[in-house]
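Reader: I have a model open and would enjoy a short walk through it with you. Could you take my questions one at a time?

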Amino acid sequence: MQEVQGIYPLLGQAKKIVITTHQKPDGDAMGSSLALLHFFRSIGHDVKVISPTNWATFLNWMPGCSEVIDFDKKTDLAKQLVKEADILFCLDFNIMHRTKNMEHVLLGAGCIKVLIDHHQQPQEDAFDYGISNVEKSSTCEMVYDFIIQSPYAANLNLDMATCIYTGIMTDTGSFRFTSTTASVHRAVAHLKDLGLNHSIIHDNIYDNLSENRLHFIGNALLNRLEVLYEYNTALMVIPKRDLLKYEIKTGDTEGLVNYLLTIDGMKLGALLIDRDEERKWSFRSKGDFDVNIFARANFEGGGHKNAAGGRSNDGIEENVRKFKAVLEQYENQLQ
Ligand code: 5GP
Ligand code: MN
């Protein structure tokens with residue numbers, strides 16, 4: 001994988017560009033994809049954004065979101081676009097299988113492939129150009145850097161700023177995680193100078209709950225939480241019947257895992273959700289406990305040191321049993 005700057009000279013001529021990101025895109029994935037959509041379009045390229053799956057409806061207000069193609073719904077069109085592309089940008093994921101059903105389409109594409117991402121251990125051999133930096137708060141921050149270091153820095157506009165801010169805000173937990181550097185604040189100051197309305201973005205992303213969803217959270221906190229004090233670990237398990245009862249859709253469980261570390265003294269928060277196709281784990285930690293390593297070693301997952309995910313085809317009970325069993329191995333680290 002060559003340095004991402006190597007792509008700048010290729011942007012001098014009109015190109016067909018496809019941008020994609022990880023399945024179930026979050027604020028950072030969607031924000032970085034749409035920011036680059038607006039940026040490349042401002043240069044005169046023919047640009048399409050393809051998401052491997054659907055996404056949370058609370059992202060729909062983002063500029064350009066209505067034209068994002070859902071691979072699951074428009075598979076033939078998406079495959080055709082990837083086939084015809086000159087350049088493919090892969091954002092906010094480190095391994096191709098994070099694009100689920102798109103993995104083989106992307107691996108088979110003959111075009112130039114570019115990675116911009118902040119997860120550990122990127123699949124470097126799958127990309128021609130790219131940048132992977134785990135120190136960065138978000139892929140949106142990296143897209144900001146990519147734009148302002150380019151010969152087209154002056155094209156940065158309010159739509160791009162809005163998309164970039166969304167990803168920085170969501171991936172830094174609203175500027176509280178340790179990844180929130182002075183550079184992050186400087187970037188946001190620059191975005192404010194472009195007219196960014198950060199307050200509306202917070203409202204759009206966070207103040208959008210239905211009454212049902214608040215009841216779902218209340219039920220989860222009251223009935224689905226188990227605190228394992230001996231391991232400084234909070235575990236929450238959401239059975240499928242809760243998802244059905246409270247009509248929980250993609251994105252509605254976002255943020256739930258963060259409640260677990262609000263209990264005083266907790267070092268590890270683990271959320272297990274019984275999804276249709278798999279059991280999905282979310283892990284969060286404080287301090288030195290590395291959930292990226294934990295998720296990789298035990299639950300086919302990965303992510304960052306303090307925020308990672310995993311998956312399993314086993315049932316809920318089997319997953320909980322395994323989780324409690326493997327916790328014993330980490331007892332020293334968790335105390
Ligand atoms: P979340 O818990 O919010 O779904 O994910 C937290 C972090 O872990 C994100 O950075 C996400 O990219 C990563 N992550 C979530 N699930 C998986 C997974 O199944 N595999 C890998 N490699 N990373 C994941
Ligand atoms: Mn991210």
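**Strands and a metal site**

Author: Gladly, and let me start with one pair of facing residues: L115 stands opposite G130 in β7. Please keep in mind that this is a predicted model.

Reader: How many bridges join β6 to strand β7?

Author: Strand β7 covers residues 129–132. β6 and β7 run parallel, and the number of bridges joining them is four.

Reader: Nice. On β5, which residue stands opposite V114 in β6?

Author: β5 and β6 also pair in the parallel sense, over five bridges. Within the β-α-β unit, β5, α3 and β6 are arranged in the right-handed sense. The residue opposite V114 in β6 is F89.

Reader: Why is strand β6 described as largely enclosed by the rest of the structure?

Author: Strand β6 spans residues 112–117. A residue counts as buried under 20% relative accessible area. β6 is largely enclosed because the number of its six residues that are buried is five.

Reader: Now to the metal. Which residues are the protein donors of the manganese ion (ligand 2)?

Author: The donor atoms lie 2.2 to 2.4 Å from the manganese ion. In sequence the donor residues follow the spacing D-x63-D-x25-H-x52-D. D92, in the loop between β5 (87–91) and α3 (103–108), and D171, in helix α5 (residues 158–171), are 79 residues apart, so this pair links distant parts of the chain. The protein donors are D28 (OD), D92 (OD), H118 (NE2) and D171 (OD).

Reader: Is D92 buried or exposed?

Author: The cut-off for buried is under 20% relative accessible area. D92 has 2% relative accessibility, so D92 counts as buried.

Terms used
Residues numbered from 1 in each chain as written. Chains lettered and ligands numbered in written order. Predicted model: local features only at pLDDT ≥ 70, side-chain atom pairs only at ≥ 80, totals over all residues. Heavy atoms only, no water. Donors = N, O, S within 2.8 Å, 3.2 Å for Na, K, Ca; no water. Helix = DSSP H or I, 4+ residues; strand = E, 2+ residues; numbered from the N terminus. Buried < 20%, exposed > 50% of the residue type's maximum accessible area, 1.4 Å probe, protein only. Pairing = 2+ DSSP bridges. Right-handed = clockwise from strand over helix to strand, strands pointing away.
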